[in-house]
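Here is a briefing on one chain. Look over the sequence and the model, then read the points below.

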Amino acid sequence: MTWMTPHRIIGSLSWINLEGTPVHIDWMAFPVGTSFFLPCCKCISLRNEIVNKAIVAGVEVRSKIIIENEVRGVRTWRLS
């Protein structure tokens, strides 16, 4: 088992794997009431990763798989 410092744990929570492309999300700088959209093909696994990392980071989000401007992806709103 590898021990991680709190800084490294938070850093690992900030990166989402978007089908092989790392995407950085700064949970603490993500303002309440705003949202982001990530286009994807494997939306269920992306949505699960976003929600799980937000929970561990202590951020409440709502995430839905949607089609926006004819593009399928995941829209995530910060609730608190």
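Helices (H or I, at least four residues) and strands (E, at least two) are DSSP runs, numbered from the N terminus. By that count, the chain holds two helices and five strands. Along the sequence they follow the pattern α-β-β-β-α-β-β. This is a predicted model, in which local features need pLDDT of at least 70, side-chain atom pairs count only at pLDDT 80 or more, and totals for chains, interfaces and linings use all residues. Residues are numbered from 1 along each chain as its sequence is written, and side-chain values use heavy atoms, with hydrogens and water left out.

**Whole chain**

- The chain has 80 residues, and 32% of them are buried. Buried means under 20% relative accessible area, exposed means over 50%, and partly exposed lies in between (1.4 Å probe, protein chains only).
- Take the contacts (heavy atoms within 4.5 Å) between residues at least 6 apart in sequence: 50% of them join residues at least 24 apart.

**Salt bridges**

- A salt bridge here is a side-chain nitrogen of Lys or Arg within 4 Å of a carboxyl oxygen of Asp or Glu. The whole structure contains two.
- One links Lys-53 to Glu-49, with the closest N and O atoms 3.3 Å apart. The two residues are separated by about one helical turn, because they sit four residues apart in helix H2 (residues 43-57).
- Another joins the side chains of Glu-68 and Arg-75, at 2.5 Å from N to O. Glu-68 is partly exposed, with a relative accessible area of 26%. Arg-75 is buried, at 14%.

- Arg-78 lies in strand E5 (residues 71-78).
- Beyond its neighbours within four places in sequence, Arg-78 contacts a set of residues including Trp-27, Phe-30, Pro-31, Gly-33 and Glu-60.

**Gly-33**

- Gly-33 sits in the loop between E2 and strand E3 (35-39). Gly-33 is exposed, with a relative accessible area of 61%.
- Gly-33 and Leu-79 are 46 residues apart along the chain, yet their C-alpha atoms are separated by 6.0 Å.

**Hairpin and turns**

- Strand E1 (residues 15-18) pairs with strand E2 (residues 21-24) in the antiparallel sense, over four bridges. Strands pair if DSSP finds at least two bridges between them. Trp-15 has His-24 in E2 as its bridge partner.
- E1 and E2 form a hairpin with two residues between them, and Glu-19 in the turn has a positive phi of about 50 degrees.
- Most residues other than glycine have a negative phi. Asn-69 is not a glycine, but its phi is positive, at about 55 degrees. Glu-70 also has a positive phi, near 65 degrees.
- Asn-69 lies in the loop between strand E4 (61-68) and E5, and Glu-70 is found in the loop between E4 and E5. Asn-69 is exposed at 71% relative accessible area. Glu-70 is exposed at 80%.
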